[in-house]
Amino acid sequence: MSNTKIPGLSFSWKRALGVTKVKREFTKATGIPTTKAGVERKIGGAIINAIFGKK
């Protein structure tokens, strides 16, 4: 999502403040994803493993 009309030039306040880095470090340290898709994938995998067991 760009807030300028210059192609190839964008600004991300999350990257500027370090939010992206903190989220990435948290995910790597805990193994808990910080995105909606990641959480859904993790929960889905846990349910499948609970039903069918690990092979």
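Let me begin with helix 3, which has 17 residues and reaches 24 Å from its first C-alpha to its last, close to the 24 Å expected at 1.5 Å a residue, where the expected span is 1.5 Å times one less than the number of residues. Please keep in mind that this is a predicted model, in which local features need pLDDT of at least 70 and side-chain atom pairs count only at pLDDT 80 or more, while totals for chains, interfaces and linings use all residues. Residues are numbered from 1 along each chain as its sequence is written, and side-chain values use heavy atoms, with hydrogens and water left out.

The protein chain has 3 helices and 0 strands, taken as DSSP runs numbered from the N terminus (helices H or I, at least four residues; strands E, at least two). Of its 55 residues, 5% are buried, that is, under 20% relative accessible area with a 1.4 Å probe and protein chains only, whereas exposed means over 50% and partly exposed lies in between.

Returning to helix 3, which covers residues 36-52, we find I48 in it, and this residue is partly exposed at a relative accessible area of 44%. Just after the helix, G53 takes a positive phi of about 75°.

Now to helix 2, residues 19-30, where T30 is placed; at 41% relative accessibility, T30 is also counted as partly exposed. The side chain of T30 reaches the backbone oxygen of F26 at 2.8 Å, and the T30 side chain also reaches the backbone nitrogen of I32, at 3.2 Å.

Technical notes
A polar contact is a pair of N or O atoms within 3.5 Å; within protein, one must be able to donate a hydrogen and the other to accept it, and residues adjacent in sequence count only if both atoms are side-chain atoms.
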